[in-house]
Amino acid sequence: MYKVIGSSGSRMTRVLWMLEELGQLYKVIQAKPQSPEARQYNATGKVPILLNGDFALCDSAAICVYLGEKHPEGGMASRTLEERAQMDSWLHFAQSELEAPLWNKLKHRFIIADELKAEVGPWTEWEFARHVKALARRLDGNQYALGDRFTAVDVVIGHTGSWARNAKFDIEPDVVNAYLDRILARPALARARKREAA
Ligand SMILES: N[C@@H](CCC(=O)N[C@@H](CS)C(=O)NCC(=O)O)C(=O)O
């Protein structure tokens with residue numbers, strides 16, 4: 001059985017969502033970032049971390065891809081090297097261009113020491129908005145990032161979109177809102193959130 005180390009409301013949701021999509025059994029080990037449990041398996045002390053026996057993996061996007069590839073019968077893995085490369089490209093885009101502005105604003109509002117805080121609201125919102133427009137173009141009329149198949153990429157982008165909505169970042173393109181609505185309505189996400197809150 002998989003074990004997932006992390007805290008509720010963190011990027012752990014992505015991992016539980018993947019596990020629910022794939023119908024895998026797992027145990028949640030609630031641990032805050034920088035706790036001894038987190039530091040034991042991740043040099044940065046960050047969560048989430050996935051444990052599979054002796055194998056420990058950190059970084060949520062890598063974990064989601066690993067799970068998809070580990071359970072190809074779930075239909076969330078890449079099928080060719082080129083598809084895997086496209087998946088990597090999407091995940092780098094998701095983290096560098098979409099997640100980074102959200103994370104920067106959050107850190108400057110709530111996380112870092114007061115003397116380091118700066119007003120990053122306007123530039124993070126501008127940066128996010130222009131990449132949401134790029135996301136609309138990149139979807140190119142498709143239902144999901146890779147076309148007609150829901151994959152780990154959609155889990156990471158879906159979670160990021162939900163984070164953006166909660167943080168009141170503007171998402172203007174209708175096509176992106178429709179994409180997010182479609183993904184965030186998945187029953188596996190509801191189950192993951194329930195498990196996380198338990
Ligand atoms: N790239 C990592 C980032 C993990 C991360 O920043 N996690 C947050 C919680 S969602 C954390 O542990 N923050 C603690 C810190 O920044 O020290 C991932 O995607 O898992």
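At what angle do the axes of H1 and H3 cross, and within what distance do they come? They cross at roughly 10° and come within 9 Å. The views below show a predicted model, in which local features need pLDDT of at least 70, side-chain atom pairs count only at pLDDT 80 or more, and totals for chains, interfaces and linings use all residues. Residue numbers start from 1 along each chain as its sequence is written.

**View 1. H1 packs against H3.** Helices (H or I, at least four residues) and strands (E, at least two) are DSSP runs, numbered from the N terminus. Axes are lines fitted to C-alpha atoms, for helices over the stretch in contact, and angles run from 0 to 180 degrees between N-to-C directions. H1 is therefore roughly parallel to H3. Angles under 35 degrees count as roughly parallel, over 145 as roughly antiparallel, 65 to 115 as roughly perpendicular and the rest as oblique. H1 brings Arg 14, Val 15, Met 18, Leu 19 and Leu 22 to the contact. H3 brings Ser 60, Ile 63, Cys 64, Leu 67 and Gly 68. Residues are in contact if their C-beta atoms, placed from the backbone, lie within 7 Å. By class, the contact has 7 nonpolar, 2 polar and 1 charged residues. Ala, Val, Leu, Ile, Met, Phe, Trp, Tyr, Cys and Pro count as nonpolar, Asp, Glu, Lys and Arg as charged, and the others, Gly among them, as polar.

**View 2. Domain 1 meets domain 2.** An automatic or database domain assignment supplies the bounds. Domain 1 covers 2-75 + 188-197, and domain 2 covers 81-186. Their centres, taken over C-alpha atoms, are 20 Å apart. On the domain 1 side, H1 (12-22), H3 (60-70) and H8 (187-197) each supply at least two residues. H3 gives the largest share, 5 residues. That side of domain 1 divides into 7 nonpolar, 4 polar and 1 charged.

**View 3. H4 crosses H5.** The axes of H4 (residues 81-111) and H5 (residues 121-139) come within 8 Å and cross at roughly 160°. The two helices are therefore roughly antiparallel. Among the contact residues of H4 are Glu 97, Leu 98 and Lys 105. H5 contributes residues including Thr 124, Phe 128 and His 131. The contact has 5 nonpolar, 4 polar and 3 charged residues.

**View 4. H5 packs on H7.** The angle between H5 and H7 (residues 174-184) is about 75°, with axes 8 Å apart. H5 and H7 are therefore roughly perpendicular. Val 132, Leu 135, Ala 136 and Leu 139 in H5 meet Val 175, Val 176 and Tyr 179 in H7. This contact has 7 nonpolar, no polar and no charged residues.

**View 5. A shell of residues surrounds the ligand.** Ser 10, Arg 11, Pro 33 and Gln 34 belong to the shell. So do Gly 45, Lys 46, Val 47 and Pro 48. Asp 59, Ser 60 and Ala 61 complete the list. A residue is near the molecule if its C-beta atom, placed from the backbone, lies within 6 Å of it. The shell divides into 4 nonpolar, 4 polar and 3 charged residues.

**View 6. Backbone details at Pro 48 and Asp 140.** Most residues other than glycine have a negative phi, and most peptide bonds are trans. The bond from Val 47 to Pro 48 is cis, with omega near 10°. Pro 48 lies in the loop between H2 (36-41) and E3 (49-52). Asp 140 is not a glycine, yet has a positive phi of about 50°. Asp 140 sits in the loop between H5 and H6 (152-166).

Notes. Contact = placed C-beta atoms within 7 Å.
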